[in-house]
Amino acid sequence: MWMSFMLFATIILVLLWLFQFVFLESYYETMKIRDMSRAAQQISKKADYSGLGVAVRKIAFDNSFSVVVTDSQCNVIVAENTMGSYSILGNDISYNYNRYIYSLRNKLIDSGKSSISVKPTSRDGDDEIQKMMFVTSMDYENKDVLYIFIEASVEPIDATATIIKQQLIYITIILFELAFIITMFLSKRIAQPIASLTATAEEFAKGNYSVKFESSGYSEVKQLSDVLNNAGEEISKVSELRRELVANVSHDLRTPLTIIKSYAEMIRDISGENPKKREEHLEVIINESDRLSNLVNGILELSKLESSERELVPKPFSVHEKLSEVMARYRLLNENEGYNIHFEGDEDAVCVADIQMIDQVLYNLINNAVNYCGDDKEVIVTQKNGEGFVRIEICDHGSGIEEELLPHIFDRYYRAPKAKRDVIGTGLGLSIVKEILKKHGFPFGVSSVLGEGSVFWFEMKMPDGEDSEE
Ligand code: ADP
């Protein structure tokens, strides 16, 4: 930043010096020549001799020029000298038989141009006062050619230049100091906060997620640090989640594996010859294997849902059709194990959702209700039609869930501390339900009274239906 500012200041100064010194004189001369050329044009517009005299006088006095108009033989027609004895043209006419005027005219003819400007040498005039000559020709009534000679004094700009030079030295000093101060200020406001953000980011990259991106200065830098803080929080959440996941998974895998191994050893060493015991031990091994495969399937299912590997394929479907199909799966439980799992539906309705995923939701919720149901072994699945949505409730009369545990049961790997021992649970069922319903944007929830049972519910959208307020 400092370098750029200094470079910028240097460029400005170089430009200033160039224009003030190198080009000043030629610029000044160019301006003079332009003035003289304009004056000559004004004179050449005056067609008659009397008008010519007035015009020449006016122009000479207005611009402090000496003006001479001659015929083609350099005989003076009009002459106006505002420079007195300093005028080269005036002196030439008075004392030199127009010799200098002749030479100027010849120069114009030799050059082949319509006008020329000449800087007289010291031989031609006074050394002290610099002069510029401008010569041009004009047609006079298509017969004669007149020559216009204009003399202007060129102010010596050395003195002015010296003043400017001194000023420029001051300007240079001030400009460099200013550039220095502004850079210091800017670096404090921009560069320093960015450098400190970089230092924090390096710390963060090393795995120290507790660092906070602090910033001062411009609002853009503050925004950047806010964004970094947000990103940091997300990364640390993900890292926390990953750690939890690994810990949970390894714990959950280890327990059934240990049980399987020890029961297998027992069969080998002790109960191999005792059919009754062996059956019991094999039953445990089978149960634990089921738990393991449920767990692995659940983890796979959940990670697919979370990584959006599994995209939604919403299709319209009949609620009655779907639920009677699901109910059919539980017929065996009803008939053989004394369960009373039944469906109470409003009028049939069509909903739009990913059918496979909704199937999974119903399956998980009904399975939970079966696992945690009360002694009446009753599970009621209800369909209630609302405006633009269908509400499905899964109700059981089990022990219910404590109020303070309710906010956690949809968390992954969460199992209530007093969850039934004989239930082969993974703590993933409800988190899969949650992911699926969140993906659909369907409202869901649970209400439970301890000792009386629980009601899990969710609401599916009907085609072109309004969303439920809930
Ligand atoms: P899992 O059933 O495999 O333990 P879930 O995610 O399905 O895992 O459920 C999480 C916890 O919520 C369960 O451990 C249980 O304590 C509680 N829960 C779920 N459904 C019910 C229910 N119908 N009645 C009582 N508790 C339930």
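Rings of Phe, Tyr and Trp, with the six-membered ring taken for Trp, are paired if their centres lie within 6.5 Å. On that basis, this predicted model holds six aromatic pairs.

**Aromatic rings**

Select Phe19 and Phe23 to begin. Their ring centres are 5.6 Å apart with the planes at 70°, and planes over 60 degrees apart count as edge-to-face, so this pair is edge-to-face. Phe19 is exposed, at 52% relative accessibility, whereas Phe23 is partly exposed at 36%.

**Charges over rings**

Select Tyr339 together with Lys377. Lys377 lies over the face of Tyr339, 4.7 Å from the ring centre. A second example is Trp457, whose face has Arg391 over it at 4.2 Å from the ring centre.

**Salt bridges**

The model contains 15 salt bridges, and three of them may be visited in turn.

Display helix α8, residues 275-306, and select Glu288 and Arg291 within it. Their side chains meet in a salt bridge with an N to O distance of 3.3 Å. The two residues are three apart in the helix and are therefore separated by about one helical turn. Glu288 has a relative accessible area of 8% and is buried.

Continue to Asp359 and Arg329, whose side chains form a salt bridge at 2.7 Å, N to O. Asp359 belongs to helix α11 (residues 355-371) and Arg329 to helix α9 (residues 319-329), so this contact ties together parts that are 30 residues apart in sequence. Asp359 is buried, with 15% relative accessible area, while Arg329 is partly exposed at 38%.

The next selection is Glu393 with Lys384, a salt bridge at 3.3 Å, N to O. Glu393 is buried at 12% relative accessible area; Lys384, at 39%, is partly exposed.

**A final distance**

Finish at Leu224 in helix α7, which covers residues 219-269. Leu224 is partly exposed, with a relative accessible area of 40%. How far apart are the C-alpha atoms of Leu224 and Tyr97? They are separated by 85 Å, and the two residues are 127 residues apart along the chain.

Key. Residues are numbered from 1 along each chain as its sequence is written. This is a predicted model: local features need pLDDT of at least 70, side-chain atom pairs count only at pLDDT 80 or more; totals for chains, interfaces and linings use all residues. Side-chain values use heavy atoms; hydrogens and water are left out. A salt bridge is a side-chain nitrogen of Lys or Arg within 4 Å of a carboxyl oxygen of Asp or Glu. Helices (H or I, at least four residues) and strands (E, at least two) are DSSP runs, numbered from the N terminus. Buried means under 20% relative accessible area, exposed over 50%, partly exposed in between (1.4 Å probe, protein chains only). Rings of Phe, Tyr and Trp (its six-membered ring) pair if their centres lie within 6.5 Å; planes under 30 degrees apart count as stacked, over 60 as edge-to-face and the rest as tilted. A charge sits over a ring if NZ of Lys or CZ of Arg is within 6 Å of the ring centre and within 35 degrees of the ring normal.
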